[in-house]
Amino acid sequence: MSLCFSLCCVQCADKPEVKIEVEFPEGLTREGENLELTCRTKGKPQPHQINWHKVDDDFPSHAVITGSDLFIENLNKSYNGTYRCVASNLVGEAYDDYILYVYGMYHNSICYCKHPFHLQTAESTGL
């Protein structure tokens with residue numbers, strides 16, 4: 001009976017699956033904005049541990065981890081890097097990565113050139 005039980009348990013158990021979802025912002029991440037990531041997991045048994053890491057670097061000092069959520073406010077370019085969510089259960093562990101690239105502030109502006117240039121075409125140069 002224990003052999004049957006062992007085989008059944010092996011067939012029923014799965015390593016975790018991990019997926020990072022961006023809750024905010026939609027689109028590009030810009031300086032001054034906030035970032036909220038959620039680590040979605042599943043497996044048999046359900047993952048019992050979820051951890052966030054920044055690959056090859058330290059987390060920003062004011063990053064907040066609450067359960068499976070990572071929240072970073074007031075983004076700046078020094079936060080660029082790979083953020084990893086790792087989930088584990090009795091069968092093993094798995095992870096997903098999110099690569100953060102913070103773009104500069106967006107400004108609606110018009111560029112006025114001090115010295116406008118003249119575009120020459122083949123017709124205007126006689127070529």
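Mentor: What follows takes a few pairs in turn and sets each value against its definition. This is a predicted model, in which local features need pLDDT of at least 70, side-chain atom pairs count only at pLDDT 80 or more, and totals for chains, interfaces and linings use all residues. Residues are numbered from 1 along each chain as its sequence is written, and side-chain values use heavy atoms, with hydrogens and water left out.

Trainee: What makes the contact between Lys42 and Glu17 a salt bridge?

Mentor: A salt bridge is a side-chain nitrogen of Lys or Arg within 4 Å of a carboxyl oxygen of Asp or Glu. The N to O distance for Lys42 and Glu17 is 4.0 Å, so the pair is called a salt bridge. Because Lys42 lies in strand 3 (residues 35–44) and Glu17 in strand 1 (residues 14–24), the pair ties together parts that are 25 residues apart in sequence; strands here are DSSP runs (E, at least two residues), numbered from the N terminus.

Trainee: Why is Lys54 called buried, whereas Asp57 is called partly exposed?

Mentor: Buried means under 20% relative accessible area, exposed over 50%, and partly exposed in between (1.4 Å probe, protein chains only). Lys54 has 8% relative accessibility and therefore counts as buried, while Asp57, at 45%, counts as partly exposed. The side chains of these two residues, Lys54 and Asp57, meet in a salt bridge at 3.5 Å, N to O.

How values were computed:
Helix = DSSP H or I, 4+ residues; strand = E, 2+ residues; numbered from the N terminus.
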